[in-house]
Every structure is written in C-alpha cells, then in structure tokens.
Amino acid sequence: MKRFFNRLSTVAFVGIFGFGLVSEVSAQRPNSREVRDLVRSLNAKVEDLGYNLTYQMRTSSQSRQRVEDAQTGIEDLQNAVRTFEDNLGLRRENQNDIQDIVSAAQNLNSMILGTGQNRMIENGWNDVRNLIDRLAGNYGVTPNWNERGS
C-alpha cells in the first residue's frame, strides 16, 4: 500500500510539474491584438519618418548618396516589418523576425544620429524606436541602440 501511495504521489508530482511547464509556455505567447496594433503603428510611423527624413535631407542640401542611404535604410526597415507582419498573419512570427527589425533599425539609427537631424526627425525616430522596443519586449528581445545592426 505504501508503494502505491509513493507511485501515486510521484505521478501526481510529474503531472503537476508538466502542467506547470505547459502553462508557462502558453503564458509567454504575446498578446496578438497588442502585437498587431504595435505593427500597425510602427508601419505608419516608419512611413511618416521616411517621408519627413527624405524631404528634410533634400531641402538641407544633403548629398545624393546620403539621401539614398536614408531611403535604403527606411526600405530595409519597412521590409523587415512587412516580413514580420506576414509571419504574424500566419502565426509563424518569432524572435528572428524581431531581430531582423532591430538590425535594420540599428543601421538606420546610426545613420540618423550620425547626420544630425532636426527635432521633428529625432522625435519621429524616437517614436519608432519606442514602438520597436515594445514590440521586441513581447518576444523577449532587448534592442541595444548603442550598436550598429548587421
């Protein structure tokens, strides 16, 4: 009888432990509605930033190469967000998609901060970075804005 209770308590412990692990994994799944709202906002902010940055650089007589670099950086970020959004729709998004967004944003970050933009551009870029931080936080990624992406 004692053997039976020992096995029963072992099985109960393993069952409770297994249930706890499954609950922990499902609790880590990001809130789908919040992520979709963040992606929608990020798309709009990146598009606005792209227009404002290109306009500001052209009117301040920046070199053609710098304007093209800025446009390429914005396009890379938009493509990374678009890929994430596509995978989100298929429920296949993961940390690698977030890392791609962060990497594209880090490249753009070094370019924007390195060219000394006006306050409107800096505020727009800070909004984009905050949205990326919030999105990345849902997937356990912490962007380091002091390094350049790869």
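View 1. Glu 122 is partly exposed, because its relative accessible area of 35% falls between the limits for buried (under 20%) and exposed (over 50%), as computed with a 1.4 Å probe on protein chains only. The residue is found in helix α5, where helices (H or I, at least four residues) are DSSP runs numbered from the N terminus. Glu 122 and Ile 112 are ten residues apart in sequence, and their C-alpha atoms are 7.9 Å apart in space. The model is predicted, so that local features need pLDDT of at least 70 and side-chain atom pairs count only at pLDDT 80 or more, whereas totals for chains, interfaces and linings use all residues. Residues are numbered from 1 along each chain as its sequence is written, and side-chain values use heavy atoms, with hydrogens and water left out.

**View 2. Helix α3 and its buried residues.** Helix α3 comprises 26 residues (64-89) and reaches 37 Å from its first C-alpha to its last, close to the 38 Å expected at 1.5 Å a residue, the expected span being 1.5 Å times one less than the number of residues. Its buried residues, among them Val 67, Ile 74, Leu 77, Phe 84 and Leu 88, pack against α2 (32-59), α4 (95-114) and α5 (119-137). After α3 comes Arg 91, whose phi is positive, near 60°.

**View 3. The packing of α2 with α3.** These two helices pack at an angle of about 170°, with their axes 10 Å apart. That angle makes α2 roughly antiparallel to α3, a term that applies to angles over 145 degrees. The residues of the contact (heavy atoms within 4.5 Å) between α2 and α3 divide into 14 nonpolar, six polar and five charged.

**View 4. Aromatic pairs.** A search of the whole structure finds two aromatic pairs, a pair being rings of Phe, Tyr or Trp (its six-membered ring) with centres within 6.5 Å. The rings of Phe 84 and Tyr 139 have centres 5.6 Å apart and planes at 90°, so this pair is edge-to-face, the term for planes over 60 degrees apart. It links distant parts of the chain, with Phe 84 in helix α3 and Tyr 139 in the segment after α5, 55 residues apart. Phe 84 is buried at a relative accessible area of 0%, and Tyr 139 also counts as buried, at 10%. Trp 125 and Trp 145 form an edge-to-face pair, with 6.2 Å centre to centre and 80° between the planes.

Definitions and conventions
Axes are lines fitted to C-alpha atoms, for helices over the stretch in contact, and angles run from 0 to 180 degrees between N-to-C directions. Angles under 35 degrees count as roughly parallel, over 145 as roughly antiparallel, 65 to 115 as roughly perpendicular and the rest as oblique. Ala, Val, Leu, Ile, Met, Phe, Trp, Tyr, Cys and Pro count as nonpolar, Asp, Glu, Lys and Arg as charged, and the others, Gly among them, as polar. Rings of Phe, Tyr and Trp (its six-membered ring) pair if their centres lie within 6.5 Å; planes under 30 degrees apart count as stacked, over 60 as edge-to-face and the rest as tilted.
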